[in-house]
Amino acid sequence: MKRFAVLLLPLVLVLAACTTSNYGPPQLGPDGKPLPKVYRLGSADEGRVQFRMLDAVNALRGARGLSTVELDAQLNAAAATHARDMAVQNRPWHFGSDGSSPIDRVARVGYRGRLLGEAISETYETELETLAAWMEEPGTRDVILAPEARDMGFAYHQESNGKIWWTMVLGAPGAPGYQPSTSVASAPATGLRPIEDIAAAAINLSQDEF
C-alpha cells in the first residue's frame, strides 16, 4: 500500500503544474528572496476551482479502487464559513471565532450525514498544490481517502494580499455527528487529538514547504 501511495502523489503534482504555468519568472523581494507566487481567484472562479478539486480527489480515490465523492451544497457552505473565519482569526485551525467546532458548523448547515474530517490550509498556492500537500500528511490523506466518504465540501477565501484559506470537509451517510473513518482510526499516531482536530492536520503552508 505504501508503494501505491507514493505513485499517486505525482498525479496531483502534474495537475497542479497545469495551473501554475502562466506565472513567469519569480519576483524577488527587498531581501533578495522570491516573493510568493500569487494565485489570483475571482468571484467567477469558485465553481471551476471546486470541480477541479473534486476531479483530482476522485482521481486519487479511483486509483485506490475507492468510490467517488460528490460536492454537497451544505458541506460547501460549512467549508466556506470556516475559510472566511480563519482569515478573520488569521490562523489555520479547526475552531471558529465563536468557538464552533467542525461538528457544529456541519450541523448548522443541516447536513444529515456523518462528519469524517476537515482539512484546512493557509497558503498562496493553488487548490491542487494544496491537495498535494494534504496528501503528504497522514491525517489529511486518510480523510481524503476515507473508504466510506461520499460527500465533499470545498471552499476558499482569498485576502487582498493573495493569501488563500482553504477548507475541505468529508462526510458519509449515517447518523449526524463525528465519526472518523476506519482508515483514520488505524493510522499511525501523528500527534493529533481525535475530537479537537477532527482527524486532520492544521497545516500552515508557506512557499518554502512546496
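Tutor: Begin with burial: a residue is called buried when its relative accessible area is under 20%. Please keep in mind that this is a predicted model.

Student: Is Lys 163 buried or exposed?

Tutor: Lys 163 has a relative accessibility of 13%, and therefore counts as buried. Lys 163 lies in the loop between β3 (151–158) and β4 (164–172).

Student: Which side chain forms a polar contact with that of Lys 163?

Tutor: A polar contact requires a pair of N or O atoms within 3.5 Å. Here the side chains of Lys 163 and Glu 122 are joined by such a contact, at 2.7 Å. Leaving aside residues up to four places away in sequence, Lys 163 touches Asn 90, Glu 122, Thr 123, Tyr 124, His 157 and Gln 158.

Student: How does β4 pair with β2 and with β3?

Tutor: β2 (residues 114–123) pairs with β4 in the antiparallel sense over nine bridges, and Glu 122 stands opposite Trp 165 of β4. β3 and β4 are likewise antiparallel, over eight bridges; there, Tyr 156 stands opposite Trp 166. β3 and β4 form a hairpin with five residues between them. In the turn, Gly 162 has a positive phi of about 100°.

Student: Which residues point each way from β4?

Tutor: Ile 164, Trp 166, Met 168, Leu 170 and Ala 172 point one way, while Trp 165, Thr 167, Val 169 and Gly 171 point the other way. Both sets are buried: nine of the nine residues in β4 are covered in this sense.

Methods:
Residues numbered from 1 in each chain as written. Predicted model: local features only at pLDDT ≥ 70, side-chain atom pairs only at ≥ 80, totals over all residues. Heavy atoms only, no water. Helix = DSSP H or I, 4+ residues; strand = E, 2+ residues; numbered from the N terminus. Buried < 20%, exposed > 50% of the residue type's maximum accessible area, 1.4 Å probe, protein only. Polar contact = N/O pair within 3.5 Å; in protein donor to acceptor, adjacent residues only side chain to side chain. Contact = heavy atoms within 4.5 Å. Pairing = 2+ DSSP bridges.
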